[in-house]
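I opened my notebook beside the viewer today. Here is what I looked up, entry by entry.

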Amino acid sequence: MNHTQDMLDFLYACPTCFHTVHAVETRLEENGYERLEEKNRWKLEEGGKYYVTRNQASIIAFRIPRKDYTGYMIGASHSDSPSLKIKENPELKGHGYTKLNVEKYGGAILSGWLDRPLSAAGRVMVKEGNRIVSKLYCSEEDLFVIPSLAIHMNRKTNEGMNWNVQTDLCPLMAVDENTDFLSIVSEDLRVRKEDIIGHDLFLYVREKGRVIGRHKDMILAAHIDDLMCGYGDLVGFLNSKDGDSVPVLAIFDNEETGSLSAQGADSTFLADTLAAINDGCGRDAMANRTAIAESFMVSADNAHAVHPNHPEKADPVNQPHMNAGIVIKYNANQHYTSDALSAAVFRMICEKAGASCQVFTNRSDMLGGSTLGNLSERHVSLHTVDIGLPQLAMHSCMETAGTKDTEDLIQAMQVFFSSSVAAEKDDFEVKVSE
């Protein structure tokens with residue numbers, strides 16, 4: 001099955017981390033998964049399918065094939081993307097205009113946000129008596145634009161621009177000084193403006209993702225990093241079979257800002273959830289420790305394809321290409337977790353799935369990024385491989401990737417979540433459920 005259009009629909013439905021978690025919840029519940037709450041003690045059943053969320057921004061789903069399971073097979077990705085976050089008291093008025101006051105979230109390529117239709121999405125906290133109710137918000141209007149300064153007023157525009165978020169990137173909302181942003185939000189949500197007592201709102205690009213290229217072999221869309229991996233993990237998870245281990249789908253927030261939140265990969269969310277699974281199956285603490293020793297994690301966050309206009313920025317040998325398969329990512333300084341053993345395990349998974357894989361390393365004279373795998377390992381130490389799907393324009397508000405690679409990830413993760421690993425001395429065995 002070609003999942004390209006379904007993935008593009010998924011990407012468009014997920015303008016923020018909160019919408020991503022909601023979209024994943026919806027698909028899980030359609031497939032019989034039951035919501036659990038962290039505040040409760042869990043009683044889990046063999047054959048049970050469950051999920052738990054934290055702060056509406058991160059989600060972990062799992063199945064219990066049997067209570068005497070051997071380990072955990074964890075596929076992790078992240079729900080957030082670089083963006084521009086709308087500040088409190090956001091209106092900036094003057095010179096006959098109303099603009100919004102915003103700040104940069106994550107390492108965004110700022111130039112892409114200019115001169116295109118934008119809107120607002122996120123969550124809004126509404127007071128209802130003594131309760132605070134969280135409401136998802138996504139305006140479907142073209143509310144804003146960030147206009148470029150004409151070249152006549154800056155003749156050096158094409159010589160490189162150092163964008164200042166406070167002065168260059170404020171979105172224009174109205175050609176008057178009377179427009180109130182939260183009045184628009186309250187009207188859309190059908191609540192009183194005075195009952196809105198908090199919000200986490202971001203700008204998002206209103207353009208829908210699409211298939212492009214002479215051979216229709218590329219996609220152009222927002223949030224490819226990292227919802228392309230999140231989607232592939234999710235579909236592989238839902239299509240997988242039960243084996244000897246617990247399959248675990250984890251999607252964390254705040255990777256783009258370092259994962260340093262209560263719901264990020266560098267939090268206790270995964271460790272707490274694994275301990276609760278163990279306890280909910282009636283096992284003692286030592287059983288959880290031994291299960292982690294026979295567990296494996298795939299940290300899935302997109303990778304850089306060799307750039308058509310700048311191939312010199314790539315490693316001389318390891319140059320991933322779009323539509324050539326899943327990328328295994330290596331870094332000697334452990335910005336990625338892949339080592340000989342974890343990469344070998346994942347290569348075996350890909351071989352069993354009939355999925356292609358390739359390799360990424362940075363040029364030795366260039367610093368690269370990092371991801372969530374090594375941060376998660378601070379709290380749950382287990383064998384981990386860092387992978388991704390090759391793409392261009394990472395951290396732009398519109399990114400480019402191949403149409404084939406998602407299929408490889410779905411096939412590989414379907415086999416991965418159906419598998420278990422067994423460690424004996426320094427040897428590893430990979431067993432796939434038939």
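Entry on Asp 233. I listed what it touches, leaving aside neighbours within four places in sequence: Asp 233 is in contact (heavy atoms within 4.5 Å) with Gly 75, Ala 76, Ser 77, Leu 249, Ala 300, Leu 409, Met 413 and Phe 417. Asp 233 sits in helix 5, residues 224-239 (helices are DSSP runs of H or I with at least four residues, strands are runs of E with at least two, numbered from the N terminus).

A note on the source: this is a predicted model, where local features need pLDDT of at least 70 and side-chain atom pairs count only at pLDDT 80 or more, while totals for chains, interfaces and linings use all residues. Residues are numbered from 1 along each chain as its sequence is written, and side-chain values use heavy atoms, with hydrogens and water left out.

Back to Asp 233: which side chain of opposite charge is nearest? I found Lys 329, 11 Å away (Lys and Arg count as positive, Asp and Glu as negative; His and the chain ends are not counted).

Entry on Pro 316. I found Pro 316 in the loop between strand 15 (303-304) and strand 16 (326-329). Pro 316 counts as exposed (over 50%) because its relative accessibility is 69%.

Strand 21 (residues 419-424) and strand 22 (residues 427-432) pair in the antiparallel sense over 6 bridges (pairing needs at least two DSSP bridges). I noted Val 421 opposite Val 430 in strand 22. The hairpin has 2 residues between its strands, and Lys 425 in the turn has a positive phi of about 55°.

Note on methods
Buried means under 20% relative accessible area, exposed over 50%, partly exposed in between (1.4 Å probe, protein chains only). A salt bridge is a side-chain nitrogen of Lys or Arg within 4 Å of a carboxyl oxygen of Asp or Glu.
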